[in-house]
Amino acid sequence: MSSRTDEAALSYEQARDELIETVRRLEAGGTSLEESLALWERGEELARVCRRWLEGARARLDAALAEEEEKAEGDAEEE
């Protein structure tokens with residue numbers, strides 16, 4: 001399994017794809033309890049990575065929208 005430093009280097013798409021594969025393996029069954037727990041823990045880590053990427057994207061979108069709104073308000077005041 002990957003370390004926390006490896007997680008920081010994962011792109012959203014890499015983390016999402018690995019998470020999908022991890023869930024598939026868990027759903028397929030046939031693994032030992034220990035391996036299932038390790039897969040679950042890895043899935044939780046990958047979900048956190050994805051969540052951080054999505055939260056960052058949301059913050060960037062919100063900032064861009066706020067900037068556009070401020071610009072529109074400034075243009076309206078000039079008229």
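Is Arg-42 buried or exposed, and at what relative accessibility? At 2%, Arg-42 counts as buried (under 20% relative accessible area is buried, over 50% exposed, in between partly exposed; 1.4 Å probe, protein chains only). This is a predicted model, in which local features need pLDDT of at least 70, side-chain atom pairs count only at pLDDT 80 or more, and totals for chains, interfaces and linings use all residues. Residues are numbered from 1 along each chain as its sequence is written, and side-chain values use heavy atoms, with hydrogens and water left out.

**View 1. Helices α2 and α3 cross at roughly 150°.** Helix α2 covers residues 12-28 and helix α3 residues 33-78 (helices are DSSP runs of H or I, at least four residues, numbered from the N terminus). Their axes come within 9 Å (lines fitted to C-alpha atoms over the stretch in contact, with angles from 0 to 180 degrees between N-to-C directions). That makes α2 roughly antiparallel to α3 (angles over 145 degrees). The crossing is left-handed (the near helix is turned anticlockwise from the far one by less than a right angle).

**View 2. Residues of α2 and α3 make the contact.** Contact means heavy atoms within 4.5 Å. From α2 come Tyr-12, Ala-15, Arg-16, Glu-18, Leu-19, Thr-22, Arg-25 and Leu-26. The α3 side includes Leu-39, Trp-40, Arg-42, Gly-43, Cys-50 and Trp-53. The contact residues divide into 12 nonpolar, three polar and five charged (Ala, Val, Leu, Ile, Met, Phe, Trp, Tyr, Cys and Pro count as nonpolar, Asp, Glu, Lys and Arg as charged, the others, Gly among them, as polar).

**View 3. Arg-42 pairs with Glu-18.** Arg-42 sits in helix α3. Its side chain makes a polar contact with the side chain of Glu-18, at 2.8 Å (a pair of N or O atoms within 3.5 Å; within protein, one must be able to donate a hydrogen and the other to accept it, and residues adjacent in sequence count only if both atoms are side-chain atoms).

**View 4. Cys-50 is in contact with Tyr-12, Ala-15 and Arg-16, leaving aside neighbours within four places in sequence.** Cys-50 belongs to helix α3. At 8% relative accessibility, Cys-50 is buried. Cys-50 and Arg-16 are 34 residues apart in sequence but 6.5 Å apart in space, C-alpha to C-alpha.

**View 5. Arg-52 and Val-23 are partly exposed.** Arg-52, in helix α3, has a relative accessible area of 46%. Its C-alpha is 8.9 Å from that of Tyr-12, 40 residues apart in sequence. Val-23, in helix α2, has a relative accessible area of 35%. Val-23 and Leu-39 are 16 residues apart in sequence and 8.1 Å apart, C-alpha to C-alpha.

Key. Helices (H or I, at least four residues) and strands (E, at least two) are DSSP runs, numbered from the N terminus. Angles under 35 degrees count as roughly parallel, over 145 as roughly antiparallel, 65 to 115 as roughly perpendicular and the rest as oblique.
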